[in-house]
Amino acid sequence: SSHADSTVHWCTPGVMIRCLTLASLCVWAAGEDTGKTELVKLVAELQQQARIQQERIAAYEALVQQRVQASAESRKLSDAVYVYHKPSIYEGEEQELGIERNYLPEEQLEYLMGHVWALLCGALVVFMQAGLAMIEAGNGRVKYVPHTLLKNTTIVTASCLGWWLFGWSFAHTGPYDSFGFKENKFAGREQFAGHTFVSFRKDGQIEPSDAMGRWFYSWAICGLATVIASTGVAERMNFAGAMIFSFLFSSFIHPIVVAWTWGKGFLANMNRTGYVDFAGSGIVFMAGGWAALGGCVIS
């Protein structure tokens, strides 16, 4: 009877709740000790990882410093070679004094391929002008065919003269700022009439530059825009008017458009990307088209 009473006493809900609570406390205490141990291990691992990362950062900074120093040394070397020792096609007293030097083999290849490529592309663009002359002649009356062909041939000469005197200087020359954009954001003012395409040495020899090849290709593009503009006014303009228009268009109108865009003017610097026109859809064809529309309205 006493044994049964004690069993009943231990099985009461209150006793069971107290037992469960005590067991939970024991488990929590044991888990807390285990958690503390794991936390200590985790902190130790993180400290070890932090030390490894600090060592890697220090090694990386040392490597960057070495590369910066090496770059500075190579820049000094490059400045000494390419700035203070101007390349020349001649040999003479200047090279003996260290003022000039011969072109390096890679420079000779670069200039050769650059000039050949500019001449080839410029010739292809000139053939486009011949194609436009055929289009204009085919769309007009038969009696105007000789006038059209003579006009378009002479327009090439007028545009060449205008681009040489004024156009190239406005479009593709500086002065430029430190970021490579025009200082006044509008037009250049150097190399009028190609006066710096060549330089004269003390011994009377002429030293060429790579500007002539770039000038030829850009003139071909300017001539194309001029012919586009003149084609739009077929049989609407006499010969003298076409020549005057072609000279003015290639001297001032088209060069200013080029200066704002390809020439690193304000449109090229209006945002991070700038004005982008790889094939001249706006600079060449749209400019020539608008000029042709204006000519049609006037005539």
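**Figure 1. Lining of the second largest pocket in the predicted model.** By residue class, the lining of the second largest pocket divides into six nonpolar, three polar and one charged residue. The residues concerned are W163, W168, H172, R214, Y217, S218, I221, H254, V258 and W262. Two or more of the lining residues are given by each of the elements α5 (145-172), α6 (211-231) and α7 (239-260). Helix α6 supplies the largest share, with four residues. The space in this second largest pocket amounts to about 240 Å³.

**Figure 2. The largest pocket and the residues closest to its centre.** The largest pocket holds about 390 Å³ of space. It is lined by 16 residues, and those closest to its centre are Y103, E207, P208, S209 and D210. Both strands and a helix take part: β1 (86-88), α4 (105-139), β3 (198-200) and β4 (206-208) are the elements that each give two or more residues to the lining. The largest share, three residues, comes from α4. In terms of residue class, the lining of the largest pocket comprises eight nonpolar, five polar and three charged residues.

**Figure 3. The ring pair of Y103 and Y111.** Eleven aromatic pairs are found in a search of the whole structure. In the pair shown here, the ring centres of Y103 and Y111 lie 5.5 Å apart and the ring planes stand at 90°; the pair is therefore classed as edge-to-face. The angle lies in the range for that class, because planes over 60 degrees apart count as edge-to-face. Y111 has a relative accessibility of 33% and is counted as partly exposed. Y103 is also among the residues closest to the centre of the largest pocket.

**Figure 4. The phenylalanine cluster.** The residues F166, F170, F192 and F252 are linked into a cluster by ring pairs.

Figure 5. With a relative accessible area of 3%, E136 is buried, because the term applies to values under 20%. The side chain of E136 forms a polar contact of 3.3 Å with the side chain of N152. Leaving aside residues up to four places away in sequence, E136 touches T148, K151, N152, S230, T231 and A234.

Methods
Residues are numbered from 1 along each chain as its sequence is written. This is a predicted model: local features need pLDDT of at least 70, side-chain atom pairs count only at pLDDT 80 or more; totals for chains, interfaces and linings use all residues. Side-chain values use heavy atoms; hydrogens and water are left out. On a 1 Å grid over the protein atoms alone, a cavity is a set of points where a 1.4 Å probe fits but cannot get out, and a pocket is an open set with protein on both sides within 12 Å along at least five of seven lines; lining residues have an atom within 4 Å of a point. Grid points are joined across faces, edges and corners, and a volume is the space filled by probe spheres set on the points. Ala, Val, Leu, Ile, Met, Phe, Trp, Tyr, Cys and Pro count as nonpolar, Asp, Glu, Lys and Arg as charged, and the others, Gly among them, as polar. Rings of Phe, Tyr and Trp (its six-membered ring) pair if their centres lie within 6.5 Å; planes under 30 degrees apart count as stacked, over 60 as edge-to-face and the rest as tilted. Buried means under 20% relative accessible area, exposed over 50%, partly exposed in between (1.4 Å probe, protein chains only). A polar contact is a pair of N or O atoms within 3.5 Å; within protein, one must be able to donate a hydrogen and the other to accept it, and residues adjacent in sequence count only if both atoms are side-chain atoms. Contact means heavy atoms within 4.5 Å.
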